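Morning, everyone. Let's take a quick walk through one structure. Please keep the viewer open and follow along.

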Amino acid sequence: MSSRRLLSLALPWLLVIVAALLAAWLRFDLVQPPALAHQCSAGNGPAWCPLRTLAVQAFLSYAYGYAALAAAVLALLWKHIFPAWLAAALGAFALMMYCPDAGALALLVGSLRLLRLQATNTVPLGEHRHGDRQAQPQP
């Protein structure tokens, strides 16, 4: 397998990991620290307090979960790699951002769909296979 093909197979999975790491940073460094919450509520917090408020409002309204579920439905209906990756990435993001039910389902659906699409695109045809599912060539 060429390095270009290997990169095209690994890139969606690496981007899912990047989405999970971004959500972990958002959760553990921006949303959860009590000192930052007190500074933002007092009005003398850092410049990213509006981002923190937006992130908190989004998980309180379950927006991450709804977005992940919508992407999972899109991945099931549209047989392309991008919606499958989007469902897996939003599922990982929602899972980290307090929407575990919808996030887990979207991560599962997106991952399975992504695996399936990558597997069907990488099946090599043998020397005697003509695509008609013959176990062996005709004599």
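I'll start with one stretch of chain. Over residues 85-109 the chain is 88% helix and 0% strand. Its end C-alpha atoms are 10 Å apart. Hold on to that number. One thing before we go on: this is a predicted model.

Now the other stretch, residues 61-78. Here the span is 83% helix and 0% strand. The end C-alpha atoms lie 27 Å apart. Which annotation covers these two stretches? In an unreviewed UniProt entry, residues 61-78 and 85-109 carry the annotation "transmembrane region". That label comes from the record.

Let's step back to the whole protein. How many helices and how many strands does the secondary structure come to? Six helices and zero strands. From the N terminus on, the order is α-α-α-α-α-α.

How confident is the prediction? The average pLDDT is 89. Of the residues, 87% score at least 70. Look at the elements next. Helix H4, residues 63-77, has the highest mean pLDDT, at 98. Helix H2, residues 34-42, has the lowest, at 88. A word on reading such scores: where pLDDT is low, the predicted coordinates should not be read in detail.

Next, packing. The protein has 139 residues, and 33% of them count as buried. Take the contacts between residues at least 6 apart in sequence: 63% of those join residues at least 24 apart. The accessible surface comes to about 9100 Å². Carbon and sulfur atoms account for 68% of that surface.

Now zoom in on Ser 111. You will find Ser 111 in helix H6, residues 100-121. Is Ser 111 buried or exposed? Its relative accessibility is 16%, and the cut-off for buried is under 20%, so Ser 111 counts as buried. What does Ser 111 touch, leaving aside neighbours within four places in sequence? Trp 13 and Ala 88. Ser 111 and Ala 72 are 39 residues apart along the chain. Their C-alpha atoms are separated by 9.8 Å.

Which elements give two or more residues to the patch? Helix H1, residues 3-31, and helix H3, residues 49-60.

Trp 25 sits in helix H1. Its relative accessibility is 41%.

Last stop: two tyrosines in loops. Tyr 62 is in the loop between H3 and H4. Tyr 62 is not a glycine, yet its phi is positive, about 65°. With a relative accessible area of 24%, Tyr 62 is partly exposed.

Now go to Tyr 98. Tyr 98 lies in the loop between helix H5, residues 81-96, and H6.

To recap: six helices, zero strands. Ser 111 is buried.

Terms used: Residues are numbered from 1 along each chain as its sequence is written. This is a predicted model: local features need pLDDT of at least 70, side-chain atom pairs count only at pLDDT 80 or more; totals for chains, interfaces and linings use all residues. Side-chain values use heavy atoms; hydrogens and water are left out. UniProt positions are given in the numbering used here, feature names are shortened, and annotations may be inferred rather than shown by experiment. Helices (H or I, at least four residues) and strands (E, at least two) are DSSP runs, numbered from the N terminus. Buried means under 20% relative accessible area, exposed over 50%, partly exposed in between (1.4 Å probe, protein chains only). Contact means heavy atoms within 4.5 Å. Accessible areas come from the Shrake-Rupley method with a 1.4 Å probe; for residues, only the protein chains shown count as cover. pLDDT is the predictor's confidence in each residue, from 0 to 100.
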